[in-house]
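I opened this notebook to record what I looked up, entry by entry.

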Amino acid sequence: MRVENMTEEAMLVGLVAGQEKVFDYIFRKYYKNLCIRANAYVQDLDKAQSLVQDCFVKLWTKREEAGSITNLSSYLSFMVRNRCIDYIRKTESLRILHDNVKYEAVEIEFEDILTSTSFEDNLRRLIAQLPKRSRLAFEYSRFENLTYKEIAEKMDISNKAVEALIARALRMLRKDLKPYLSTLVLPLLFLSLY
């Protein structure tokens, strides 16, 4: 009897017996649809094909257990679905781990820079060298946590003038502190530390 004419039961018996012809037919019959299903999960055709192939390898290596399968199509779909979910969980966990490690490395580097005596000394020196009104507006904003409105009242100037003075101070400090911090970390320093 030709494999194409076999019932699903007969194919499963042939699979259990290790008939490569039967396995090859099952592979050709279901492979394309399973790849489409896997791609719907992982959104990457190459990875989907690889995951489906993994499932067929597992089917072949555990073919002795195929006798308990009642619906081959459903079994393969379920197998591919589980393999995709495992892959997604693993890659998501790795991505989260990678992001955390990267974040921790930046955090440690940032902390090292901030606790560095030379950085602190340089920062103090640079703030002291700012033009008087810019320095005053910057210190009110960053060290005393005053709002622009409060600074404007204290310095007897407009809110826009306060904004311009602080912007000037930040520009000057960014330029002089560039050797210490990447431009990505500088905004964090000036927005959240003071």
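**Notebook: cores, a helix and ring pairs**

I began at F56 and listed its contacts (heavy atoms within 4.5 Å). Not counting residues up to four places away in sequence, F56 touches F23, I26, F27, Y30, Y31, L34 and L76.

I noted the basis of the entries. The model is predicted, so local features need pLDDT of at least 70 and side-chain atom pairs count only at pLDDT 80 or more, while totals for chains, interfaces and linings use all residues. Residues are numbered from 1 along each chain as its sequence is written, and side-chain values use heavy atoms, with hydrogens and water left out.

**Cores**

I looked up the nonpolar cores, meaning sets of buried Ala, Val, Leu, Ile, Met, Phe, Trp, Tyr and Cys residues joined through side-chain atoms within 4.5 Å. Buried stands for under 20% relative accessible area, exposed for over 50%, and partly exposed for in between (1.4 Å probe, protein chains only). The largest nonpolar core has 28 residues, and I26, V52, F56, L59 and L76 have the most contacts inside it. At least two residues of this core come from each of α1 (8-16), α2 (20-42), α3 (45-61) and α4 (72-115). Helix α2 gives the most, with ten residues. Helices here are DSSP runs (H or I, at least four residues), numbered from the N terminus. I also found a second, separate core of 18 residues, which includes L123, F138, I157 and L170.

**Helix α8**

I next checked α8, residues 159-177. Its buried residues are V162, L165, I166, A169, L170, L173 and L177. They lie on the same side of α8, because they cover an arc of only 130° around the axis, taken from the directions from the helix axis to the C-beta atoms. On the other side of α8, I recorded K160, R171 and K175 as exposed.

**Aromatic rings**

I counted four aromatic pairs; rings of Phe, Tyr and Trp (its six-membered ring) pair if their centres lie within 6.5 Å, with planes under 30 degrees apart stacked, over 60 edge-to-face and the rest tilted. F23 and W60 form a tilted pair, 5.0 Å centre to centre with 55° between the planes. F23 lies in helix α2 and W60 in helix α3, so this pair ties together parts that are 37 residues apart in sequence. F23 counts as buried at 17% relative accessibility, whereas W60 is partly exposed at 22%. F27 and F56 form an edge-to-face pair, at 4.8 Å and 65°. Ring pairs link F23, F27, Y31, F56 and W60 into a cluster.

Key. The expected span of a helix is 1.5 Å times one less than its number of residues.
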